[in-house]
Structure formats: structure tokens, C-alpha cells
Amino acid sequence: IFAVPIGYALSRHRFPGRSLVETLVDVPIVLPPVVIGLSLLAFFGTGLGAMIKAGLAGRGWSLISGIGIVLCQFLVSISYCIRATKASFDAVDRRLEGVAMSLGCSPWGAFRRVTLPLAASGLMAGGIMAWARAIGVFGPLMVFVGTGPRVLAMPTALWLELSIGNIETAIVIALIMLLMAGTA
């Protein structure tokens, strides 16, 4: 939903602020993940973020839940998917889109019928890479969401089991995560 339009725009278009968008895409890759968690705390503690948090609370939703876990995973992993998507679109010859449009396709039709199928394997690889990165997110979860029975994710469960000396359970969790990453 996010990576395809952003990756396509970065691959095919020159627009004002493009270098800023590229920088914002790269920041989560080079930033220590714990800083992402701290940034989320700061954002949802002031201004617009506080209003969003209050609006969610008014609907009975809390950021200290699956929503917060998914948000942390998304912010840590989306950059990998966008970069892979952009590279996939870069590899598709633009002339093929032009040929499709000269044969009667609209720009959307050329994208849907030519570009997207030719980039599909790279898009899949980007999705898998982002998913694999997301399942191991730890730092932002610990800072932003915390840990406990309500918000237990595999990396935090592994940490909790290690912290109480339950090595066997921690190894089982690690093996499950390794299996999940291996099947990706």
C-alpha cells in the first residue's frame, strides 16, 4: 500500500522535495531502532500525536497494544520495502510502458499490465525482506509499547524468558523466529 506508490514515484518521477523523500525513506535504515521507539514516544506525547492518541483512546484503542506493535514494525521495516520496490521499478525498461501507451493503454493500464508484472518478483522480495525485518523488531517495542502479557511479541517474549533465566523457552522462541525467517 505504501511501498509501491512511493517506490514508483521515486523511480519514475522527478519532483520538488524528492531528495527529502529519499532521505526520509533512508532514515529508518540507518537510525538505531531504539531511536524510532523514542521518536514515537515524543510524537504521541505532544501536538498532533497527542491528539491522535486521544482520538484512538476515545474509540477504546490504545497504542500500548497490537496497534503500537504494528506501528513499530512498520516504521522499522517500510524503508526496506520501498528501496526494493524502487529498485524493481528501476529495472523495468521505461520504453515498455511507452509502447503499451502507444498501443492504447492509459498510464494506469501500462502500469498495471506491463510495469507491475515485470517488477513483481522484486516487489515480492521487498515484501519478504520487510516482513523478515519486522518480525525481529525489539528496541522500538521495548521503548514505545513496553512488554507484558497484553503486548507480547516474539522478540520481547524472548527477552523476558532470557531475563528470568528460562533459557529453554527462549531457545524455542528463537528457533520459531529462525524458522519464520527461513521460510521467508
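The model you are looking at is predicted.

**Helix 3 with helix 4**

- On the helix 3 side, the contact is made by Phe-43, Phe-44 and Gly-45.
- Helix 4 answers with Leu-48, Gly-49, Ala-50, Ile-52 and Lys-53.
- Sorted by class, the residues of this contact of helix 3 with helix 4 are five nonpolar, two polar and one charged.

**Helix 1 with helix 5**

- Helix 1 (residues 3-12) and helix 5 (residues 66-91) have axes that come within 8 Å and cross at roughly 50 degrees.
- That angle makes helix 1 oblique to helix 5.
- Seen as a crossing, the pair of helix 1 and helix 5 is right-handed.
- Helix 1 brings Ala-3, Val-4, Ile-6, Gly-7, Tyr-8, Leu-10, Ser-11 and Arg-12 to the contact.
- From helix 5 come Ile-78, Cys-81, Ile-82, Thr-85, Lys-86, Phe-89 and Asp-90.
- In the contact of helix 1 with helix 5, nine residues are nonpolar, three are polar and three are charged.

**The chain as a whole**

- Reading from the N terminus, the elements run α-α-α-α-α-α-α-α-α-α.
- If you picture a box along the principal axes, the C-alpha atoms fill roughly 65 × 40 × 30 Å.
- Of the 184 residues in the protein chain, 35% are buried.
- Among contacts with a separation of 6 or more, 66% are between residues 24 or more positions apart.
- The chain exposes about 10500 Å², and carbon and sulfur atoms supply 73% of that area.

**A look at Gly-182**

- You will find Gly-182 in helix 10, which spans residues 167-183.
- Gly-182 has 63% relative accessibility, so this residue counts as exposed; the cut-off for exposed is over 50%.
- Gly-182 and Leu-141 are 41 residues apart along the chain, and their C-alpha atoms are separated by 23 Å.

Technical notes. Residues are numbered from 1 along each chain as its sequence is written. This is a predicted model: local features need pLDDT of at least 70, side-chain atom pairs count only at pLDDT 80 or more; totals for chains, interfaces and linings use all residues. Side-chain values use heavy atoms; hydrogens and water are left out. Axes are lines fitted to C-alpha atoms, for helices over the stretch in contact, and angles run from 0 to 180 degrees between N-to-C directions. Helices (H or I, at least four residues) and strands (E, at least two) are DSSP runs, numbered from the N terminus. Angles under 35 degrees count as roughly parallel, over 145 as roughly antiparallel, 65 to 115 as roughly perpendicular and the rest as oblique. A crossing is left-handed if the near helix is turned anticlockwise from the far one by less than a right angle, and right-handed if clockwise. Contact means heavy atoms within 4.5 Å. Ala, Val, Leu, Ile, Met, Phe, Trp, Tyr, Cys and Pro count as nonpolar, Asp, Glu, Lys and Arg as charged, and the others, Gly among them, as polar. Buried means under 20% relative accessible area, exposed over 50%, partly exposed in between (1.4 Å probe, protein chains only). Accessible areas come from the Shrake-Rupley method with a 1.4 Å probe; for residues, only the protein chains shown count as cover.
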